[in-house]
Amino acid sequence: MRKKLIATLIAFLAIVPAFAVLNEKDLAHTLAVLRQELQMAKAEMQKSQVFISANTKATHERLVRLIQKTNELSLMLYSQKQDYTFDLTYALDEVTKEYKAFSNVRVPFDAIVTHMEIEIERYEKLIATLVSLPPALVSEEEVHDHHDHEHVLPDSLRAIRDSIEAEHALIHARLEHGKDDVLEHSPFTLDAKGCEDRDSCLFYARSLLEMYSQFKDQIIDDNYHYSRVNSMLQEAYDYAQERYRQVQHNIFIDGQTPYWRILRRFSFFFRRAKLDAREKYSRDFFDTVQSEWRGPMVIGLGFFVLFYLIIAVLLGSVLTRLLMRFVPYFGTEEFKEHKLCLLLLIAVVIFALTITVGATISQHHFFTMAAWLLVEYAWLLAAIFGSLLIRLHGREINATLAAYTPIMLMGLLVISFRIIFIPNNLTNLIFPPILLGFTLWQLYGALHFRSELPKDDRLYMWFTLAVLTGTTVTALCGYVLLAIQIVIWWIFQVAIIQTITTLFYLLKKVYDKRLAPQVKKYKKNHPNEVLDNDGAFIEITWWYDFVRMVFLPVLTVWSIPTCIFMAANVFDLAEICVKYFSHFFLNNENVIQLSLLKLAVILSLYFLFRYLIYLFRSLFRIRRIRKAEREAGEYKIQASQVNLTLGNNLIAIALWGFYLIIVLNYLQIPTSALKLVSAGLATGIGFAMKDVLNNFFYGVQLMSGRLRVGDYVECDGVRGKVESINYQSTQLTAMDGSVMAFPNSNLFNKNFKNLTKNHSYELLTIPVGVKYGSDVEQVRQLLIRALSALQSTDEYGRPLIDPAFGFEVRFDSFGDNSVNLNVMQYVLVERRGPYAAQAKEVIYNTLNANGIEIPFPQRDVYIKQAP
């Protein structure tokens with residue numbers, strides 16, 4: 001209705017700018033232009049009249065239907081009994097949806113009327129100006145008198161309508177009876193052509209004024225009826241909210257009768273349940289008028305659903321046989337284990353489509369409501385069956401299907417309770433024992449099939465058993481309606497969990513089939529690049545990483561509130577669900593406002609910013625490594641050659657800081673409070689955290705290039721490899737395997753050596769002694785030739801011994817027992833220990849093989865025997 005009214009208004013006002021004249025060359029020309037513009041506007045209005053009339057009529061018809069619908073909802077709402085919770089919540093939900101729909105499309109009558117009044121006033125002023133042009137059609141005193149009363153024309157439309165043609169004829173008569181001589185004698189009066197233009201302008205302007213006035217009266221009349229409907233809906237909505245609070249209190253706080261009390265007075269509660277069932281479903285209570293929602297209609301729906309379910313199963317069986325016969329994949333031995341699951345999937349899809357068509361064309365309210373609930377549940381089952389069909393193989397699929405059967409049938413039973421609007425007394429009597437039976441069945445399935453279930457589905461089964469056990473205890477304690485809500489929520493949750501698990505499975509398949517070959521090709525094209533990081537292939541896997549790190553986790557987060565909302569909507573309790581999620585459980589306008597919905601948004605943003613940090617770090621890493629690769633030339637670079645620590649930390653600080661700002665703003669935490677707190681604590685924190693701040697700034701300087709992760713350093717006599725640099729300490733792995741952490745300030749206060757900062761080589765000196773008389777040059781050549789055989793390359797292609805220096809054997813000193821030589825070479829720092837041991841062994845063997853003696857101190861001890 002809102003769209004039609006606004007469309008009518010737009011069509012009606014489309015002519016407004018068409019007759020706006022500007023500063024023409026003189027008055028006569030202005031009148032001529034105005035006449036033409038008004039004539040075109042009048043013609044346009046006549047063309048739009050049919051459209052406006054049709055829309056106006058349709059608007060009135062919709063308004064009548066809305067009034068009837070409002071009265072129907074009011075009668076339905078005020079006739080509901082408190083003990084029929086499903087009936088009551090349906091009525092409450094219908095009223096709430098109608099009220100919100102009405103509020104969302106509320107027509108801005110006040111704004112339209114105001115606009116009409118402005119247009120009417122404009123036309124009145126235009127007519128007054130045209131009338132007063134000399135020769136005036138009314139006396140000057142009359143014009144002034146009209147201006148004093150702030151109106152030129154009477155408000156009565158009848159007077160305007162009666163005067164239009166009469167005044168038009170009067171002006172023409174004056175012009176025809178020789179009044180031209182009067183006009184010619186005065187330069188301030190209009191000539192004959194001007195009077196004719198003025199006369200036509202008056203005619204068109206008054207016609208437009210009459211139409212605007214009629215439209216205004218019509219809008220005012222519609223506004224009256226519209227306000228009446230709004231008042232009725234507002235009253236019904238307020239009543240519905242009060243009853244919603246009662247239902248909420250009944251479900252979550254008061255509960256119903258505990259089952260042990262029912263067992264004590266079983267005959268009494270049985271009679272009450274039997275009476276409610278007769279009243280609800282028996283034909284005896286409806287002798288003259290048959291309700292659409294009770295008695296035979298419910299039974300007829302049951303037979304209808306059963307009939308179409310049998311048809312769907314038969315068609316599913318036929319299609320399954322055809323697929324297995326004519327499609328090679330479905331006919332394999334491996335797929336025969338999937339036959340039952342495929343049949344069920346096809347059957348529920350056919351059933352859902354069939355019922356959807358019936359619900360779309362049906363005019364029966366009860367059937368439409370029930371059909372859409374069944375369609376919704378059928379698609380849930382299709383999601384579960386489809387997930388099992390895609391992910392599982394062999395005997396796993398039948399075992400998993402059997403394990404899921406109890407919860408799926410339990411969900412169907414709960415949906416049936418909702419469809420037939422089962423009375424509370426009957427629900428309290430039969431639901432707890434039924435739920436206990438399904439829980440025991442689920443326990444049997446979890447235990448019997450646990451060895452055949454995949455790991456994920458085994459976990460889901462135990463969660464399902466825990467949910468059913470909890471709901472059974474809840475129902476036995478008297479909270480039957482809450483137990484029903486939990487069961488239907490878990491059905492939705494299982495379907496979503498199965499869908500998400502399937503998406504992870506398909507994502508892995510896509511990676512193995514499409515991305516893995518590209519990654520392999522990338523490694524081949526970049527042999528010297530360091531590829532030991534998850535983000536090394538970000539240029540290929542960015543979308544895969546986005547789906548894995550953002551889309552699926554966010555989908556998981558939102559699946560919980562979504563499933564709760566959908567489960568609540570099954571029982572027409574979505575209004576309560578929305579209030580719970582939007583309720584601020586921490587609500588201090590000057591400090592923080594936190595709700596479950598906001599928590600979900602904050603968690604979703606966390607996954608997004610985590611991915612952005614991963615993305616920018618990976619791109620930064622690729623840029624730095626490729627720069628180092630160009631500088632390294634033919635050698636393969638290693639991670640320790642590229643300083644990424646500072647850049648990674650800056651990226652993390654910037655993005656997490658931006659995330660924090662967004663969260664603080666979203667939670668409406670005032671920054672003034674943060675400024676006050678930070679200002680008050682700044683001085684105290686500065687003194688108390690002096691060492692912490694020193695380590696922080698020293699850490700930044702270390703990260704800027706003085707030290708890199710992967711460097712080998714020596715500090716306080718400890719040699720080790722730098723494993724991490726943070727804002728407080730630097731962690732080393734010592735050569736003996738122990739882990740040590742040095743505060744950053746200690747590294748600056750002490751002299752530490754960075755052994756790999758320049759070229760990753762360290763001078764190794766091995767002292768060797770030979771006996772006096774040995775040929776030093778011969779020893780030198782033998783050792784150099786023997787040690788040269790130890791030259792090799794590491795996994796990055798770097799020579800073990802620096803070829804620029806090679807091997808040198810230098811004369812050191814004349815010892816007491818030997819000539820002392822030094823064997824010198826530059827060795828890769830990380831290979832120093834193993835190489836030194838191997839080199840000493842080679843030196844020893846070489847000297848022995850060539851008969852060169854390695855002297856050692858000897859002492860002769862003479863023992864004198866005393867006389």
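Q: Which stretches fall below 50?
A: Residues 14-18 have a pLDDT below 50, and so do residues 177-185.

Q: How many contacts do those stretches have beyond near neighbours in sequence?
A: In the model, residues 14-18 have eight such contacts, while residues 177-185 have nine. Where pLDDT is low, however, the predicted coordinates should not be read in detail.

Q: Changing topic: how many cavities of 30 Å³ or more are there?
A: The structure holds two of them. The largest cavity contains about 60 Å³ of space.

Q: Which residues line the largest cavity?
A: The lining consists of Thr85, Phe86, Thr89, Ile251, Leu481, Ile484, Gln485, Phe571 and Leu573. Helix H3 (85-104) and helix H17 (480-525) are the elements that each give two or more residues to this lining.

Q: Now the rings. How many aromatic pairs does the structure hold?
A: There are 18 aromatic pairs in the structure. One of the pairs is formed by Phe546 and Tyr611. Their arrangement is edge-to-face, with 5.4 Å centre to centre and 75° between the planes.

Q: Why does that angle count as edge-to-face?
A: The angle of 75° is over 60 degrees, and therefore the pair counts as edge-to-face.

Q: Where in the chain are Phe546 and Tyr611?
A: Phe546 lies in helix H18 (residues 538-570) and Tyr611 in helix H20 (residues 596-632). The two residues are 65 residues apart, so the pair links distant parts of the chain.

Q: Is Tyr611 buried or exposed?
A: Tyr611 counts as buried because its relative accessibility is 5%, which is under the 20% cut-off.

Q: Which other ring pairs with Tyr611?
A: Tyr611 also forms an aromatic pair with Tyr614, and this pair is tilted, with 6.4 Å centre to centre and 40° between the planes. Tyr611 and Tyr614 are separated by about one helical turn because they are three residues apart in helix H20. Tyr614 is buried as well, with a relative accessible area of 14%.

Q: Which residues do ring pairs link into a cluster?
A: Ring pairs link Tyr606, Phe607, Phe609, Trp656, Phe658 and Tyr659 into a cluster.

Terms used:
Residues numbered from 1 in each chain as written. Predicted model: local features only at pLDDT ≥ 70, side-chain atom pairs only at ≥ 80, totals over all residues. Heavy atoms only, no water. pLDDT = per-residue confidence, 0-100. Contact = heavy atoms within 4.5 Å. 1 Å grid on protein atoms, 1.4 Å probe; cavity = no way out; pocket = protein on both sides within 12 Å on 5 of 7 lines; lining within 4 Å. Points joined across faces, edges and corners; volume = space filled by probe spheres on them. Helix = DSSP H or I, 4+ residues; strand = E, 2+ residues; numbered from the N terminus. Phe/Tyr/Trp six-rings, centres within 6.5 Å; stacked < 30°, edge-to-face > 60°. Buried < 20%, exposed > 50% of the residue type's maximum accessible area, 1.4 Å probe, protein only.
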